[in-house]
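Colleague: I am opening this one for the first time. Could you walk me through it?

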Amino acid sequence: MTRVTRDFGDTMQKDAVPAVSADVAFASSRFPNYKIGANNQIVDAKDSPKVLSMKEVVARETALLLEQQKRLSVRDLANKFEKGLAAAAKLSEEARLREAASLEKHVLLKKLRDALESLKGRVAGRNKDDVEEAIAMVEALAVQLTHREGELIQEKAEVKKLANFLKQASEDAKKLVDGERAYARAEIESARAAVQRVEEAIQEHEQMSRASGKQDLEELMKEVQEARRIKMLHQPSKVMDMEHEIRALRIQLAEKSKRSLLLQKELARSRRAEQSIFQLFELDGTEALGSCLRINPCSDNAPELSECSIQWYRLSSDGGKKELISGATKPVYAPEPFDVGRVLQAEIISDGQQFSLSTTCPIDPAAGLGSYVEALVRKHDVEFNVIVTQTNGVDHPSESIHVLHVGKMRIKLRKGKSTNAKEYYSASMQLCGVRGGGNAAAQALFWQAKKGLSFVLAFESARERNAAIMLARRFAFDCNIMLAGPDDRARLGS
């Protein structure tokens, strides 16, 4: 049995252990405190908190990413994919660094094991057991490191696969974003077009509503007028009473007008008798439109009218302005619409003596003529039955009925389908009452269609004759033409 001597320690000190390679770097100044667990697993003895592995971190991040995908927009999803791709690249870089560190750990463990093997041959006793235990721990660390490297290789493959997946997903997300953007633009354009169509439809509907509203109003007015007419028809007694009253009032008005005219004439005669003014002539007739004024001798000493020179004039109501009536040189004169509201005067010259006669008051308008003309104005063309008495100053032998068309643009005279004259309103056209012509002058007018073509037309009544004159002059005025008789247009223009 060998005896251990005291100078064992001295021997240990003398037999120095060869130094470990200089390129070995230790994390601390003492050997780490590891424990071997089940299946040769080395467990750190320190109670440190559990650190998640890279695989678990990647799995958790992927799960969170997939979970958030449902509530993220396309743009946010693309951003998340890009961030995930960057994170995967970072994890791949960390895995590469860890692989390099793992290689360094293998080198360190090999050198450490070699150092412990060298130390094992130089120690004995309890120290040798410690060295053997250290060698076993190093070998267990090498096994665990090898197992860890396998896991790292697998994690690296998974990280690479995840990176590829994220890269592909990022590209798909970009394509999806571009597609969604193009689709959104198309939808915006479609929405704009739809809005424009809706606005056009609304405007068209508003226009149709206005037109239909106006049409409905007109139809309503027509219905109201028709209802009034029907109501009046259902009350014939009331209408007949009103017509009788109006007729009686008109008769009374005509009688009073005649009575007033007679009184005015008697008053004028009495004044002339008081002033010892001897009158040889007098005016006879109603001083109103539609009648005839006639110069009659009132003394046996009066000269024959056929031997006298006669001229009719128009005077303003105040007696200031005096206008010559061209062609009015006969003892008979029928007032026309131009004469309404004016005083008519006739000058008689015989043997150097001049006699002057005038109406006692301005010419009155014909009752109901204004409303009758207003009703005819609404028509485009108005027809009157006439008889041609003269053509170009020559008496017309035939008394056949012709039709005179007074339109908004022209006047036409026809007999059946044969047209005698058809002329548009112009400066050369003339239209006025007949200057003379006996008792029928109130129903006749003179029409010069153009230079070299004129007619004298007789109407069925004085009312139609005056209405035709007023209507033609109104239509001609709408065409910027002043329609009048001979020498009247110049005075009207002045």
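**A first look**

Modeller: Leu217, Leu220, Met221 and Val224 form a nonpolar patch on the surface, and together they have about 350 Å² of accessible area. Please keep in mind that this is a predicted model.

Colleague: Where does Leu220 sit?

Modeller: Leu220 lies in helix α4, which covers residues 126-233.

Colleague: And is Leu220 buried, exposed or partly exposed?

Modeller: Leu220 has a relative accessibility of 46%, so it counts as partly exposed, given that exposed would require over 50% and buried under 20%.

Colleague: Stepping back, how many helices and strands does the protein have?

Modeller: The protein has 8 helices and 17 strands. Of its 494 residues, 29% are buried, and the protein exposes about 33,100 Å², with carbon and sulfur atoms supplying 53% of that area.

Colleague: What about contacts between residues at least 6 apart in sequence?

Modeller: Among those contacts, 56% join residues that are at least 24 apart.

Colleague: What follows α7?

Modeller: Asn480 follows α7, and its phi is positive, near 60°.

Colleague: How many aromatic pairs are there?

Modeller: The count comes to 4 aromatic pairs. In one of them, the rings of Trp312 and Tyr333 have centres 5.5 Å apart and planes at 25°, so that pair is stacked, because planes under 30 degrees apart count as stacked.

Colleague: Which parts of the chain does that pair link?

Modeller: The pair links distant parts of the chain, with Trp312 in strand β5 (residues 309-315) and Tyr333 in strand β7 (residues 332-333), 21 residues apart. Trp312 and Tyr333 are both buried.

Colleague: And what about Trp447 and Phe455?

Modeller: The rings of Trp447 and Phe455 have their centres 5.8 Å apart and their planes at 25°, so this pair is stacked as well.

Colleague: Why do Trp447 and Phe455 count as buried?

Modeller: Trp447 counts as buried because its relative accessibility is 1%, and Phe455 counts as buried because its relative accessibility is 5%.

Technical notes
Residues are numbered from 1 along each chain as its sequence is written. This is a predicted model: local features need pLDDT of at least 70, side-chain atom pairs count only at pLDDT 80 or more; totals for chains, interfaces and linings use all residues. Side-chain values use heavy atoms; hydrogens and water are left out. Helices (H or I, at least four residues) and strands (E, at least two) are DSSP runs, numbered from the N terminus. Buried means under 20% relative accessible area, exposed over 50%, partly exposed in between (1.4 Å probe, protein chains only). Contact means heavy atoms within 4.5 Å. Accessible areas come from the Shrake-Rupley method with a 1.4 Å probe; for residues, only the protein chains shown count as cover. Patches are made of residues with over 30% relative accessible area and no salt bridge: like charges are joined within 9 Å, nonpolar side chains (Val, Leu, Ile, Met, Phe, Trp, Tyr) within 5 Å. A salt bridge is a side-chain nitrogen of Lys or Arg within 4 Å of a carboxyl oxygen of Asp or Glu. Rings of Phe, Tyr and Trp (its six-membered ring) pair if their centres lie within 6.5 Å; planes under 30 degrees apart count as stacked, over 60 as edge-to-face and the rest as tilted.
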